[in-house]
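Here is a quick tour for anyone opening this structure for the first time. Have a look at the chains, then read on.

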Amino acid sequence: MTTSQPPVDVAAVPPAPPEDAPRTMGRFNIWDTPWFNARLMTGVGIITAILLMGVVGQFFWDVGMATERDRTARFAPPVGFTNFRGEPGSWAHPLGTNNLGHDMLAVALVGAPNTFLIGFIAATIGLGVGIVLGFTGGFLGGWIDDFIRLISDVTLTIPALMVLIVLNSVLDRISITTMALIIAAFAWPRATRQIRSQVLTMRESGYVQMARLSGASTFGIMFKEMLPNLIPYLFASFIAGATGAILAAVGLETLGLGPQNVPTLGGTIYDAYRGSALSANFWWWWGIPTVLLAVMFVGLLLVNLGLDEIANPRLRGRK
Amino acid sequence: MSEMLLSIRNATKVYTQRGAGGSKRQVVALQDFNLEIAESPATITTIAGESGSGKSTLANVVLGFTPLSSGQIVFEGTDMTRATPSQQKRYRREVQAVFQDPFGVYNPFYRIQHVFDMVIRNFGLAKSKSEAREMIEQALNVVGLHGQDVLRKYPHQLSGGQRQRIMMARAYMVKPRLIVADEPVSMVDASLRAAILDVMMRLRDDGISFLYITHDLSTAYQIGDRIFILYQGTIAETGNTVDVIGEPRHPYVQLLIDSVPEPDPNIQWEGTIELPPDEEMRTSQNSGCRFYPRCPHRHDRCLTASPPLYPVGKAGHVASCYLYDEAEVGAVQG
Amino acid sequence: MTDNNTQNRTVLDVKDLRVYYETPRGDVKAVDGISFTLREGEILGLVGESGCGKSTAAMGVLQLISPPGRIVSGEINLDGTDLLGLTTEQLRQMRWSRLALIPQGAMNSLNPTMKIHQQIADVIRQHEKAAMVNLASKNGGNDDGKPAQRMSRAELKTRILELLQWVGLPERIYSMYPHELSGGMKQRACIAMAIALNPSVIIADESTSALDVVVQRVVAQTMLKVKLELGVSMIMIGHDMGLMAQMADRIVVMYAGNIVEIATVEHMFKNPGHPYTQLLIESVPSLKERKPLKITEGITHDPRNPPPGCIFQLRCPFVMDRCHTEKPLRQEIRPGQEVACHLYEEQADGSYIDVRDVVEHS
């Protein structure tokens with residue numbers, strides 16, 4: 001005891017009244033107050049809005065315009081602005097067009113969800129691998145665990161971006177799925193390690209011992225006893241993974257190494273750069289994707305913070 | 001003499017620890033431990049001792065969580081150290097446990113119902129949902145609870161006492177031959193302990209034997225039929241609970257019972273005692289009597305070998321102390 | 001434990017302390033108006049079942065209640081100083097130097113990365129200034145003749161070694177880490193920290209609950225030594241009535257945030273007054289005789305909504321109509337015993353009778 005502060009929880013937590021008092025995570029009850037915290041809700045709202053854009057947007061706007069060229073309106077500025085040629089923006093292309101006449105609104109409607117998609121697919125694959133390997137290593141221990149740890153630690157040390165650049169430049173045509181797979185190849189070690197350490201902790205818990213005494217099989221224990229308690233944790237890991245994957249994806253796209261067949265935000269920025277949009281003041285070309293990306297990351301960050309609040313009661317607004 | 005339910009013979013458990021500087025240290029947690037629990041009548045056998053006595057090791061060994069270094073555990077005639085998988089499965093059903101921490105044993109994700117469903121499913125205890133429900137209700141009634149009050153709740157919504165009773169109900173429902181209760185009341189509030197101890201006695205009356213592991217002599221005195229007092233992995237004294245606690249013979253046991261604070265302000269501890277400054281390092285298996293450094297009656301013979309159990313009074317009451325070796329000239333009579 | 005403390009002055013005076021915890025469905029009344037005094041040189045036991053508020057009361061005295069808990073009202077007077085009127089800084093100076101705490105699980109709160117001597121030194125250094133004011137005001141200084149200025153390193157080391165020896169720990173503990181010590185040793189190290197600055201009051205919360213019986217005895221005897229030789233007044237919080245019988249001079253019994261009885265230890269065990277106290281005493285297991293087990297429930301009402309009238313009415317075997325409406329005041333039914341129960345009625349001559357006796361005899 002180096003200060004006179006006692007451990008906070010010892011005296012500060014009152015006895016649980018004999019009523020419903022939702023307390024910790026691990027119980028998947030969405031009516032718990034912590035799940036409705038402001039950050040999480042805002043973040044989820046932002047992400048949902050952007051994803052919806054892509055799904056619903058195509059009914060209201062011709063997203064074909066993202067890839068069709070409108071030769072009549074090239075370099076058109078957004079509504080309310082004029083471009084270097086003095087042409088005003090029109091409602092036909094409310095967010096302007098690029099050098100080839102692609103409509104920026106359409107690009108946004110298609111590109112933003114695409115970028116999210118890459119992130120989510122990569123994160124899902126990474127998490128899936130992480131669950132399998134993390135559980136196997138953590139629960140079984142021994143040489144299996146040593147082996148899994150070895151390969152995940154080695155993969156972590158490989159400079160991912162460099163390899164991704166090389167891979168992408170070598171491969172001819174990259175689809176979204178291919179991108180996601182390649183990124184996932186470097187995302188799985190982190191998830192594996194995190195899940196493994198959680199499993200190691202849970203393995204020693206009383207309820208796992210109890211499950212063994214109750215005749216549960218190894219798989220039974222892993223999936224029925226341990227996995228449900230990991231759900232919030234897995235969520236957080238997924239979001240973190242997705243954020244990282246999107247970052248990697250955008251990075252690659254901006255270097256021109258992203259999927260060619262579909263519009264992506266990063267890819268648009270790359271095109272803008274190639275098309276001298278920076279010097280020629282076509283700010284809407286690179287600006288709109290950038291703003292969208294910023295909003296997306298804010299959304300992901302908020303979700304992360306919101307999940308943090310759930311996991312750690314001391315961060316909650318009230319306490 | 002009826003057949004033995006559980007027979008532990010010469011059980012020894014040695015742990016290898018890595019000491020400072022890479023040196024390896026052997027810690028003898030249990031040494032040549034012997035115990036027998038008869039098939040019938042059902043009894044509550046108390047294993048009492050302080051920390052480091054080996055009682056937790058014994059629990060782990062009996063429950064099959066860790067193997068013995070040497071010795072045997074014979075359950076209803078079967079040597080468990082050499083059991084087949086199906087024999088091991090049967091053992092799991094026949095030997096259940098209740099643990100110390102009434103909260104950690106519950107998976108916080110599930111409602112109370114889950115702990116019952118798990119055993120019913122894995123051991124095939126019921127053929128239909130209604131049969132299962134009946135079983136659970138009956139088991140809960142035995143411990144003084146009702147299904148409608150507790151099954152739908154989450155663990156943190158119940159008190160420690162209730163949670164432990166539910167664990168007892170769960171163990172009972174399996175209808176085991178033996179329940180290992182490892183400090184079942186030490187983490188439960190003092191006023192709620194009686195209910196749990198009462199359940200144990202009633203289950204015993206119903207034919208289930210208990211291995212009650214504790215450091216609390218008072219509760220052992222209230223409910224135990226026989227008691228083993230361990231000191232650093234060996235048996236210091238054993239016999240009927242009333243005999244051992246009423247008339248302790250082993251110097252360690254005398255010290256122990258003397259140190260239990262009596263709830264009477266007129267009966268105070270006499271004298272002060274010193275604790276050994278060093279933690280005992282149980283590094284070898286035969287270093288003589290373990291209590292030697294602290295024993296007021298020690299002499300050289302005690303260093304030669306660990307004393308065997310000598311009879312010290314009523315039938316079955318034995319203590320591991322050379323003071324009671326009748327062959328020794330001038331030995332104290334039991 | 002003979003009691004000749006009746007003439008001693010009061011060091012700690014708590015009046016009507018209330019500590020509530022905010023929850024979404026109303027305030028949990030953890031401590032609901034308790035008043036007691038601690039006399040110089042005595043050990044006051046504070047007992048009650050889990051949830052009765054004893055730890056919260058201790059934290060309240062030390063003002064270590066953090067949100068969602070808060071001190072709603074009350075007066076806490078330590079040796080003439082009103083603790084509730086102090087600033088945070090002044091309070092901090094008070095702690096350890098005049099009022100020390102050995103919290104629950106103290107031995108587990110030792111910093112695992114610091115050696116023992118560093119932790120004790122830390123406490124001394126942080127609160128030295130206040131301690132010096134404290135020492136200067138005590139008559140004739142103390143028994144180790146500390147100079148009234150900041151201690152040099154050598155003096156600090158001497159003091160720490162002295163403290164360790166005093167609690168019965170060997171010298172080599174000085175440079176050891178907490179994990180190298182056994183439970184009993186850690187607890188005694190915590191006691192050493194608590195007495196380091198010669199406080200007037202020490203509050204010990206469940207100091208021996210996690211220890212083995214023999215070790216518990218040694219630690220308890222150390223604490224008795226603290227009381228007898230250093231004259232420190234102590235509040236001992238616990239639930240082991242056997243231990244209380246050995247250590248306490250007077251005992252306060254709490255139930256659901258209220259004090260139901262305060263009695264000397266003799267009265268407590270020979271003639272417990274309050275029905276709850278009687279329940280408590282009856283359920284204490286002893287090693288002398290086997291009794292049938294007395295089964296009780298826990299606190300049965302919702303702590304957010306205590307029943308009007310007597311707090312114990314829902315569990316009391318002697319409940320009367322009056323108990324449902326009128327909250328009983330604490331009455332001194334005999335010298336050295338105060339009970340808050342309607343069963344005791346004051347007579348014209350000032351003595352008290354137990355209503356149950358009257359009923360039996362009529």
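## A helix tucked away in chain C

Start with H1(C), where the buried residues are Lys54(C), Ser55(C), Thr56(C), Ala57(C), Ala58(C), Met59(C), Gly60(C) and Val61(C). That makes 8 of the 8 residues of this helix (residues 54–61), so H1 of chain C is largely enclosed by the rest of the structure. Keep in mind that you're looking at a predicted model.

## Two cis peptide bonds

Carry on along chain C and you'll meet a cis peptide bond between Pro67(C) and Pro68(C), with omega at about 10°. Pro68(C) sits in the loop that runs between H1 and strand E4 (69–78) of chain C.

Chain B has a cis bond to show you as well: Ser40(B) is joined to Pro41(B) that way, and omega there is about -5°. Look for Pro41(B) in the loop between strand E2 (24–38) and strand E3 (44–48) of chain B.

## Two glutamates with positive phi

Stay in chain B and find Glu76(B), in the loop between strand E4 (70–75) and strand E5 (78–79). Its phi is positive, about 50°, although Glu76(B) is not a glycine. Is this residue buried or exposed? With a relative accessibility of 18%, Glu76(B) counts as buried, because the cut-off for that is under 20%.

Further along comes Glu183(B), in the loop between strand E7 (178–182) and helix H7 (193–205) of chain B. Glu183(B) isn't a glycine either, yet has a positive phi of about 50°. At 7% relative accessibility, Glu183(B) is another residue that counts as buried.

## Where chains B and C meet

Now for the contact between the two chains, to which chain B gives 48 residues and chain C gives 42 residues. Between them, chain B and chain C bury about 3,900 Å², with 60% of that on carbon and sulfur atoms. On the chain B side, Gln222(B), Pro265(B) and Trp269(B) lose the most area to chain C, together 18% of what that side buries.

What about polar links? There are 6 residue pairs in polar contact between chain B and chain C, while the count of salt bridges is 0. The elements of chain B that give two or more residues to this side are H7, helix H8 (217–223), helix H9 (241–246) and helix H10 (251–259). Sorted by class, the side of chain B touching chain C has 24 nonpolar, 12 polar and 12 charged residues.

Notes:
Residues numbered from 1 in each chain as written. Chains lettered and ligands numbered in written order. Predicted model: local features only at pLDDT ≥ 70, side-chain atom pairs only at ≥ 80, totals over all residues. Heavy atoms only, no water. Buried < 20%, exposed > 50% of the residue type's maximum accessible area, 1.4 Å probe, protein only. Helix = DSSP H or I, 4+ residues; strand = E, 2+ residues; numbered from the N terminus. Contact = heavy atoms within 4.5 Å. Buried area = accessible area lost by both parts, 1.4 Å probe. Salt bridge = Lys/Arg side-chain N within 4 Å of Asp/Glu carboxyl O. Polar contact = N/O pair within 3.5 Å; in protein donor to acceptor, adjacent residues only side chain to side chain. Nonpolar A, V, L, I, M, F, W, Y, C, P; charged D, E, K, R; others polar.
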